[in-house]
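Trainee: I would like to learn how to read a model like this one, feature by feature. Could you take me through it?

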Amino acid sequence: MRNLNAPFTEKTVRELKLGEVISVSGPVVTARDEAHIRTLQLLDAGKPIPAILRGAVLYHCGPIMKKSAEGVWTVIAAGPTTSARMNKLEPRMIRECGIRAVIGKGGMSAEVAAVMKECGCVYLAATGGAAVSLAEGLAQVTGVDWEDLGMAEAVWHFQANNLGPLVVAMDTEGNSLYEQVRERLNRA
Amino acid sequence: MADVVKLPEPTEKVVVNLLRLANTKLPTDVGWALEAAAGWETSDTAAAQLGAIMENVRKADLLARPMCQDTGIPIFWVRGKFDSSIVKDIAVGVEEATKTIPMRPNTVDPLTRQNYGNNLGEGMPIVHFLPTDDDFTEITVLLKGAGSENMTKFAMLNPAEGREGVIKFVTDTVLDAGGRPCPPGIIGIGLGGTADECVAMAKQALLEPLDEENPDPVLRQMEEDLFVKLNSSGLGPMGLGGATTVLGVKIRRAACHTASLPVAVNTGCWATRRASARITATGIKYAQGVRL
């Protein structure tokens, strides 16, 4: 399994092959429905967004976090959430924040695939529910934004260390493993 | 898991124990089904997904951590002898378990999206009551994450659509959901009743152990037919392709109106997390699957 260091260049993601299994090290940031909505509202208002979102590896994840008596956060469990909920929000995130990779589960729409192709961004499938294993890959918590959104919806900053396995499930050519499986489904 | 017997404890403690058990230990019937699936998968991607799932299950057990970060909404069934105070005890247990296990605070106001912070809030906890003349109080919990719950479907079919219509509705529901409900899981089906009862039956079906046969031969045949059909679809673990789309199919049935054919599908993800405690005067017996 190849390990890639974030942040990614456009060249790095454009070289990734559909179906390839990789792991990721370096900065990874979580964002779900509410963080997407707030980011887009701030962009609309011309206000600053958390700098860590620019060019980020975005993880669709609402982790379980625990704060020690000294105020230090640790991650307990951190598997992917269903990415399709962000289908309508992700194109602008990719275009305006320069997101280079989205980690999630279940895949995203054809509209998102087209924007990924245009801008140079990949979709990496994490195993749904493999939350303890994936938390190990996110061992270091480096910060948090928007705690007011609640534990699941806040933007958590991690320094990943071999986060994976992640399957390249949507590439920069507009291909999607999910779409290929769907086209071949036997409904008989 | 073999049944575990413990001395009596206060009900709220039993609820915390149940939530810890359900969160950290996958029921053995579900684990066996996953291992069997890993044995017959031929696709590398599918085998890798199942391998990652089983490794995660082992780590969660070893570290006593929730196997999935979506600790869900806990749904309770209380059977046997009890009084209304049990709802308060369950609520106290949920709040305590949220802090100590810990579970992710998941409940929010549906409109403002403000998080309650304790997995309680208006209408919570959800408790179903099944009073009997037995000499025990049995509390069962199912942890229902949103990935699978969001894929729930209900339909009032025309009676003329019959068995074939039911099979088609279930198949379309599972395949259209794709990888979103974290397959391979358990497909709970409610057949008949009224709209509300039908959906409740679909969820209750998820509590039944996979290694226990449906006592009704007609329903058993439908379950088998759907199991084969869904696993022949090619959807596979996480919707990435493969031979394992479901670990089991469970149907519950009730009589319905002569003009109706209600059918509901409630999916359990691969992490169908359940636990029961049967409390008697002499001890508490824990299990991780029950036919109510």
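**Reading the model together**

Mentor: Gladly, and let us start with a helix: 11 of the 14 residues of H1(B) are buried, so this helix is largely enclosed by the rest of the structure. Keep in mind throughout that the model is predicted.

Trainee: How far can I trust the coordinates?

Mentor: Where pLDDT is low, the predicted coordinates should not be read in detail. For chain B the mean pLDDT is 96, and 99% of its residues reach 70 or more. The model as a whole scores ipTM 0.93 and pTM 0.95.

Trainee: How should I read the overall form of chain B?

Mentor: Begin with its radius of gyration: a compact globule of 292 residues would have one near 19 Å, and chain B agrees, with 19 Å. Along the principal axes, its C-alpha atoms fill a box of roughly 50 × 50 × 45 Å. The secondary structure of chain B comes to 8 helices and 10 strands, and 52% of its 292 residues count as buried. Look at sequence separation too: among contacts in chain B with a separation of 6 or more, 80% are between residues 24 or more positions apart.

Trainee: How is chain B divided into domains?

Mentor: Domain 1 covers 4–26 + 67–145 + 273–287, and domain 2 covers 147–268. Their centres, taken over C-alpha atoms, are 25 Å apart. The contact between them takes 7 residues from domain 1 of chain B and 6 residues from domain 2 of chain B. On the domain 1 side, E4(B) gives the most, with 3 residues.

Trainee: Then the nonpolar core. Which residues touch the most other members?

Mentor: The general idea is that in soluble globular proteins, nonpolar side chains tend to be buried together. Here the largest nonpolar core has 136 residues, and those touching the most other members are A:Leu124, A:Ala169, B:Leu18, B:Val141 and B:Ile189. Strand E9 (residues 155–170) of chain A supplies the largest share, 10 residues. Domain 1 and domain 2 of chain B both give residues to this core, so it lies between them.

Trainee: What does B:Val141 touch?

Mentor: Leaving out residues up to four places away in sequence, B:Val141 touches B:Leu18, B:Leu19, B:Ala22, B:Pro74, B:Ile75, B:Phe76, B:Arg274 and B:Ala275.

Trainee: How many residues does each chain give to the contact between chain A and chain B?

Mentor: Chain A gives 39 residues and chain B gives 40 residues. On the chain A side, the elements giving two or more residues are strand E4 (64–67), strand E5 (73–77), helix H5 (131–136), E9 and helix H6 (177–183). H6(A) gives the most to that side, with 4 residues.

Trainee: What should I look for in the backbone?

Mentor: Most residues other than glycine have a negative phi, and most peptide bonds are trans. In this model, the peptide bond from A:Gly164 to A:Pro165 is cis, with omega near 0°, and A:Pro165 is found in strand E9 of chain A. Another cis bond joins B:Pro183 and B:Pro184, with omega about 5°. B:Pro184 sits in the loop between helix H6 (162–177) and strand E6 (185–192) of chain B.

Trainee: And positive phi: are A:Asn162 and B:Ala64 exposed or partly exposed?

Mentor: A:Asn162 has a positive phi of about 55° and is in strand E9 of chain A. It counts as partly exposed, with 14 C-beta neighbours inside 10 Å. B:Ala64 has a positive phi of about 50° and is in the loop between helix H3 (44–63) and strand E2 (73–80) of chain B. With 11 C-beta neighbours inside 10 Å, B:Ala64 counts as exposed.

Methods. Residues numbered from 1 in each chain as written. Chains lettered and ligands numbered in written order. pLDDT = per-residue confidence, 0-100. Core = buried A, V, L, I, M, F, W, Y, C linked by C-beta atoms within 7 Å. Buried ≥ 20, exposed ≤ 12 C-beta atoms within 10 Å, placed from the backbone. Domains from an automatic or database assignment. Contact = placed C-beta atoms within 7 Å. Rg over C-alpha atoms; globule rule 2.2 N^0.38 Å.
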